[in-house]
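Trainee: I have the model open and would like to talk it through with you. Could we begin with the metal site and then move on to the strands?

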Amino acid sequence: MPSRSLQSIIESVAASDGAGVKLRRSLGRAQGLRHDPFLMLDEFFSDNPDDYLAGFPSHPHRGFETVTYMLDGHMRHEDSEGNRGDLGPGDVQWMTAARGIIHSEMPQQAEGRMRGFQLWLNLPATEKMRPAEYRDIPAAGIPVVELEAGGSVKVIAGAFGDRHGPVGGRTTEPLFLDIRLPAGASVDIPVTTGHNAFLYAYDGQASVGPDRLLLPHRSAGLLSDGDRVVVTAGPTGGNALLLAGRPLREPVVQYGPFVMNTREEIEQAVLDYQRGQLVAPRRA
Ligand code: FE
């Protein structure tokens with residue numbers, strides 16, 4: 001198989017979510033702008049507390065997984081399953097909403113930089129109504145592969161080299177890497193053939209593939225198929241997220257925080273939420 005190349009680009013746009021948190025949304029900014037099994041990618045990035053202080057108060061999810069990866073700042077999570085977590089720099093929260101969860105994600109700082117990502121990863125039809133699951137993964141629990149040519153790769157999910165990320169056992173077999181390269185350095189990363197993949201350059205400049213096509217800053221660069229991808233940093237270095245996963249090839253019907261396969265299932269989700277039945281009853 002050939003090395004993957006840049007096939008198309010989903011530019012990010014300014015958006016606002018929660019109680020008015022300013023963010024950049026690439027994947028998922030419009031219906032159809034997804035990359036199966038990935039539904040959405042948001043980057044929140046601000047030095048101005050007015051942009052983030054209102055946070056994401058109590059809201060529901062059903063039918064997919066949310067993955068939050070913090071770079072800077074501090075966020076507290078509380079949910080209807082009784083989970084509580086504090087997310088700091090480098091930490092990851094992997095929440096499988098599945099049948100339903102109601103949670104809040106609130107900044108725990110009054111000043112300084114808040115920066116991170118939220119990824120929405122779809123679940124197959126057979127797993128959308130499973131009980132919710134939740135994992136907090138501290139930065140120290142995420143393997144980092146130091147590259148010979150300089151730079152590093154954090155393995156949040158899937159594998160790189162002989163290191164495996166803390167998240168596995170998913171039907172979508174996600175690969176989630178944070179690639180940080182010094183000026184001019186390259187890394188060659190195996191990616192399962194047939195899986196959909198994209199890159200998101202969040203700092204500096206990165207180019208993709210043997211033809212070194214430049215990845216626009218803060219855009220999702222969707223990749224062609226292949227068994228690997230070569231990422232090369234620009235003259236000031238480059239940091240990028242690499243996401244890949246097994247496509248589900250199932251219909252996607254989304255209504256806000258609910259992502260199901262049919263309109264009827266969405267109507268049921270709304271009804272369940274209104275009746276207080278989104279979340280499975282908790283055992284005493
Ligand atoms: Fe949420």
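Trainee: What spacing do the donors of the iron ion follow along the chain?

Mentor: The donors of the iron ion follow the spacing H-x1-H-x41-H. Please keep in mind that this is a predicted model, in which local features need pLDDT of at least 70 and side-chain atom pairs count only at pLDDT 80 or more, while totals for chains, interfaces and linings use all residues. Residues are numbered from 1 along each chain as its sequence is written, and side-chain values use heavy atoms, with hydrogens and water left out.

Trainee: Which protein donors are they?

Mentor: They are His-59, His-61 and His-103, each through NE2, lying 2.1 Å from the iron ion. Donors here are N, O and S atoms within 2.8 Å of the metal (3.2 Å for Na, K and Ca), and since water is not among the atoms, sites may look incomplete. His-61 in strand E6 (residues 56-61) and His-103 in strand E11 (residues 101-107) link distant parts of the chain, being 42 residues apart. Strands (E, at least two residues) and helices (H or I, at least four) are DSSP runs, numbered from the N terminus.

Trainee: Is His-61 buried or exposed?

Mentor: His-61 counts as buried, because its relative accessibility is 2%, and His-103 counts as buried at 1%. Buried means under 20% relative accessible area and exposed over 50%, with partly exposed in between, using a 1.4 Å probe and protein chains only.

Trainee: What is the bridge partner of His-59 in E11?

Mentor: The partner is His-103, and E6 and E11 run antiparallel, joined by 4 bridges. Two strands count as paired if DSSP finds at least two bridges between them.

Trainee: What order do the strands take in that open sheet?

Mentor: The order is E6-E11-E8-E9, an open sheet of 4 strands with antiparallel pairing. E6 and strand E9 (84-87) stand at the edges with a single partner strand each, so one side of each is left without a neighbour in the sheet.

Trainee: Changing topic, how many residues of strand E15 are buried?

Mentor: In E15 (residues 152-157), 6 of its 6 residues are buried, which makes the strand mostly covered. E15 runs antiparallel to strand E14 (residues 144-146), with 3 bridges joining them, and Val-144 stands opposite Lys-154 in E15.

Trainee: What lies between E14 and E15?

Mentor: They form a hairpin with 5 residues between them, and Gly-150 in the turn has a positive phi of about 100 degrees. E15 also pairs with strand E18 (residues 175-181) in the antiparallel sense over 5 bridges, where Ala-157 stands opposite Phe-176 in E18.
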